[in-house]
Amino acid sequence: MTHRLTQYAHGGGCACKIPPGELEDVVRGLTAVAPRDPAGELLVGLDWGRIAATNALSDVYAMGGRPVVAVNLLGWPRDVLPFELAADTLRGGRDVCALAGCHLAGGHSVDDPEPKYGLAVTGIADPNRLLRNDSGKPGTPLSLTKPLGLGVLNNRHKATGERFEEAVAVMTTLNAEAASTALAAGAECATDVTGFGLLGHLHKLARASGVTAVIDSAAVPYLEGAREALAAGYVSGGTRRNLEWVAPHADLSKVDENEALLLADAQTSGGLLVAGEIPGAPVIGELVPRGEHTIVVR
């Protein structure tokens, strides 16, 4: 069967871009904010509207790196939502990137039926001091730098409009300090906890490292209201798919389904899971020699 992908697009190529006049209205007034202590000088780049997501920068921090330059990616339903909202989003992203010391070098926009925001980020790191997800060693504790529960709270917000300030604060906190603290403590193995949930990202780490991860479920921190949101049924399909994927590789016999779902909760801009003990982060388990499962939850 032949699939013609152009059938599924509402426009063609760069003809989908937001019209330049309208785009200028969006970015007007978004003046430059110089990055704090940047790694170098940006020689060529458009100083217009920027969007950033703390989540996009997290991939660099998860490897012990430093974001250097990013490109904005903006999709906007121009006939549905006012551009003032897009400008506010871009302005917030600009401020986050400035805080991260990351240049923004222009970007791309698309007239899209669904609003989308993001960054393509390039970072640098010392190849001899990387945080990798395949270098975990038995006998190493596991530390988690942000609490879980972002997925169920975001799902509740989407359905009800309730605002959870603690969740917002967690999602907008850069993982820069967590990464530098992990490196200073001599850690060599880490991953960030995002869309695959704690169990999903930990399964990938343990599988790649040839170890088993043992989790103390009572030690895992959660945001206030997370358990209530779960009990009320605000569980995303992504979280259920995470658990379904990990379950054959994990021993979850000591916890009930609700606890397992929270451990698999799909996070947005979650923290770092570090193989090592680092100041300020709770130890939630340890790595042990590979057994029958990649994960054992107690």
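**Exercise 1. The surface**

Find the accessible surface of the protein and the share of it that belongs to carbon and sulfur atoms.

*Solution.* Start with the total: in this predicted model, the accessible surface comes to about 14,700 Å². Carbon and sulfur atoms hold 54% of that. Now look inside: of the 298 residues, 47% count as buried. For the overall make-up, you'll find 10 helices and 10 strands. Finally, take the contacts with a separation of 6 or more: 89% of them link residues 24 or more positions apart.

**Exercise 2. Helix H7 on its own**

Check the span of H7 against what 1.5 Å a residue predicts, then work out how enclosed the helix is.

*Solution.* Step one is the length. H7 covers residues 197-209, and its 13 residues should span 18 Å at 1.5 Å a residue. The end C-alpha atoms are 18 Å apart, so the two agree.

Step two is burial, where the cut-off is under 20% relative accessible area. In H7, 10 of the 13 residues pass, so the helix is largely enclosed by the rest of the structure. Among the buried ones are Leu198, His201, Leu202, Leu205, Ala206 and Ser209.

Step three is what follows: just after H7, Gly210 has a positive phi of about 70 degrees.

**Exercise 3. H7 meets H9**

Describe how H7 and H9 cross, and list the residues that meet.

*Solution.* Two packed helices are described by the angle and the distance between their axes. Here, the axes of H7 and H9 (residues 237-246) come within 8 Å and cross at roughly 35 degrees. The crossing is left-handed.

Next, the residues. H7 brings Gly197, Leu199, Gly200, His203, Lys204 and Arg207, while H9 brings Asn242, Leu243, Trp245 and Val246. Sort that contact by class and you get four nonpolar, four polar and two charged residues.

Definitions and conventions: Residues are numbered from 1 along each chain as its sequence is written. This is a predicted model: local features need pLDDT of at least 70, side-chain atom pairs count only at pLDDT 80 or more; totals for chains, interfaces and linings use all residues. Side-chain values use heavy atoms; hydrogens and water are left out. Helices (H or I, at least four residues) and strands (E, at least two) are DSSP runs, numbered from the N terminus. Buried means under 20% relative accessible area, exposed over 50%, partly exposed in between (1.4 Å probe, protein chains only). Contact means heavy atoms within 4.5 Å. Accessible areas come from the Shrake-Rupley method with a 1.4 Å probe; for residues, only the protein chains shown count as cover. Axes are lines fitted to C-alpha atoms, for helices over the stretch in contact, and angles run from 0 to 180 degrees between N-to-C directions. A crossing is left-handed if the near helix is turned anticlockwise from the far one by less than a right angle, and right-handed if clockwise. Ala, Val, Leu, Ile, Met, Phe, Trp, Tyr, Cys and Pro count as nonpolar, Asp, Glu, Lys and Arg as charged, and the others, Gly among them, as polar. The expected span of a helix is 1.5 Å times one less than its number of residues.
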